[in-house]
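User: I am new to this structure and would like to go through it step by step. Please begin with a single contact and widen the view from there.

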Amino acid sequence: LFFALLFNLICIYAEEYNGSTEKAYATYIMSALTWLSSAYAVTQLIKIQHGEVNFANLTYYLAGVCAIQCILAPMIENIPEFKTIVDTYIVQGQEFFDQVDRLYGIGAALDPAGTRFAVVLLMITQVLVNISAKDSTQKITIFWLLISFLIIAVLGNMIARTTSTGLLLSIVLFTINAPVLRMRIDRRYIKLLSMFGILLAITVVIVVYLYNTNSVARGFIRFAFEVFFKYTETGNFTTGSTEVLETMWIWPESEDIKTWVIGTGLFNALGYLTDIGYCRFVLYCGIVGFSAFALLHVYSGLVLMSQSQGFKLFFLLLIALSFIIWAKVATDLFQFYALLYCLDQINSSEEKSSFDEFNHQTKEESIIL
């Protein structure tokens, strides 16, 4: 809250000092408190249902919500009656989405949706890394997590390609945690990889079939995986978005020290014709304001990392995700940190015991060696 309030006050000063009428982040502390109170309500409902609220059961709900949003988006696109119902009762700027031919769910569209999908992909991967597959219940859980992961990875990319950032970081997270890097063969990972391989193969078959039989699906598939198609067709790793972003790196003039320090008090992208987060924050509240905003995310990640066992890499990647996404769009991951702050504990009791058992086994092996 200290960092949120500090950022809020800097933004107020930037707007007043520059005579701006924009109030983009002048009430950020209220947004932070709203997310925290909402997160507390959500986590308490989960606690009533499950007895405790930890990282794993929070992830189950977030994965379900995101997967459903990804399924709703093509339904809205392809079922006129359903689209009419959604557009009649929910106002979310869908006229613009139709104009630019983009998929949208219910309150889920463009980069804000892609950012949330990216975080949830990372959370699913962390749960899959930790979960045990000793009984049928957990195997079913793994199955549904993998299904959700693939739905979000494919359909989420069709909604917003920012989703691919979470997909790439998920691969990093899973690879580094793979037992083979610790010179161990773990049957749990082999089973997980086998299940994932089968589901991935089925997903590829479905995507290829739709690409070759449905012109609408072909357009969205090409959009979602444009970098793949561009590379196979031209040999270049590029997309329409990256080409546009190259023209959006707009900074204050080198001699304009005031703007570098405290900004102009203008955040609207139309003011400077840029969507890039770094540029918009610096132009709005200067390096001073952006530093406070960045510290909020770094501090939250480090605090939660210190309270968890086996999640250090996850929180490092979550911190990195903010800095990566700011190179594309101005967004905020504090809503996820708010949920994680409200957990009873990061690890479940089962995970704690398994970590203790693993650490004990590792010590015994060290003694033997």
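Analyst: The side chains of aspartate 111 and lysine 328 are joined by a polar contact of 2.7 Å. A polar contact is a pair of N or O atoms within 3.5 Å; within protein, one must be able to donate a hydrogen and the other to accept it, and residues adjacent in sequence count only if both atoms are side-chain atoms. Please note that this is a predicted model: local features need pLDDT of at least 70, side-chain atom pairs count only at pLDDT 80 or more, and totals for chains, interfaces and linings use all residues. Residues are numbered from 1 along each chain as its sequence is written, and side-chain values use heavy atoms, with hydrogens and water left out.

User: Is aspartate 111 buried or exposed?

Analyst: Aspartate 111 is buried, with a relative accessible area of 18%. Buried means under 20% relative accessible area, exposed over 50%, and partly exposed in between (1.4 Å probe, protein chains only). Aspartate 111 belongs to helix α6; helices (H or I, at least four residues) and strands (E, at least two) are DSSP runs, numbered from the N terminus.

User: What else is aspartate 111 in contact with?

Analyst: Setting aside neighbours within four places in sequence, aspartate 111 is in contact with Ala160, Thr162, Lys328 and Val329, where contact means heavy atoms within 4.5 Å.

User: And what about phi of leucine 110?

Analyst: Leucine 110 has a phi near 55°, a positive value in a residue other than glycine. Leucine 110 is also placed in helix α6, and with a relative accessible area of 22% it is partly exposed.

User: Let us step back. How many helices and strands does the protein have?

Analyst: There are 18 helices and 0 strands. The protein has 369 residues, of which 46% count as buried. Among contacts with a separation of 6 or more, 70% are between residues 24 or more positions apart.

User: Which residues of α17 are buried?

Analyst: They are Phe334, Gln335, Phe336, Tyr337, Ala338, Leu339 and Leu340. Helix α17 (residues 334–341) has 7 of its 8 residues buried, so it is largely enclosed by the rest of the structure.

User: What do they pack against?

Analyst: The buried residues of α17 pack against α2, α3 (55–78), α6 (110–130), α15 and α16 (312–325).

User: Where does threonine 331 lie?

Analyst: Threonine 331 is in the loop between α16 and α17. Threonine 331 counts as buried, at 16% relative accessibility. Beyond its neighbours within four places in sequence, threonine 331 is in contact with Thr115, Phe281, Phe293, Ile325 and Trp326.

User: Changing topic: how many aromatic pairs are there?

Analyst: Rings of Phe, Tyr and Trp (its six-membered ring) pair if their centres lie within 6.5 Å; planes under 30 degrees apart count as stacked, over 60 as edge-to-face and the rest as tilted. The count by this rule is 33 aromatic pairs. One of them is formed by tyrosine 28 and phenylalanine 293, whose ring centres are 5.9 Å apart and whose planes are at 80°, so the pair is edge-to-face. This pair links distant parts of the chain, 265 residues apart: tyrosine 28 is in helix α2 (residues 28–50) and phenylalanine 293 in helix α15 (residues 277–306).

User: Why does tyrosine 28 count as buried?

Analyst: Tyrosine 28 counts as buried because its relative accessibility is 3%. Phenylalanine 293 is buried too, with a relative accessible area of 0%.

User: Where does the charged end of arginine 218 sit?

Analyst: It sits over the ring of tyrosine 211, 5.6 Å from the ring centre. A charge sits over a ring if NZ of Lys or CZ of Arg is within 6 Å of the ring centre and within 35 degrees of the ring normal. Arginine 280 lies over the face of phenylalanine 267, at 4.3 Å from the ring centre.

User: Finally, which residues are buried in helix α10?

Analyst: In α10 (residues 215–224), the buried residues are Ala217, Phe220, Ile221 and Ala224. Down the axis of α10 they fall within an arc of 105°, so they line one face of the helix; the arc is that of the directions from the helix axis to the C-beta atoms. An α-helix has 3.6 residues a turn, so residues three or four places apart point the same way. Asparagine 214 caps the N-terminal end of α10, with a side-chain oxygen 2.9 Å from the backbone nitrogen of valine 216.
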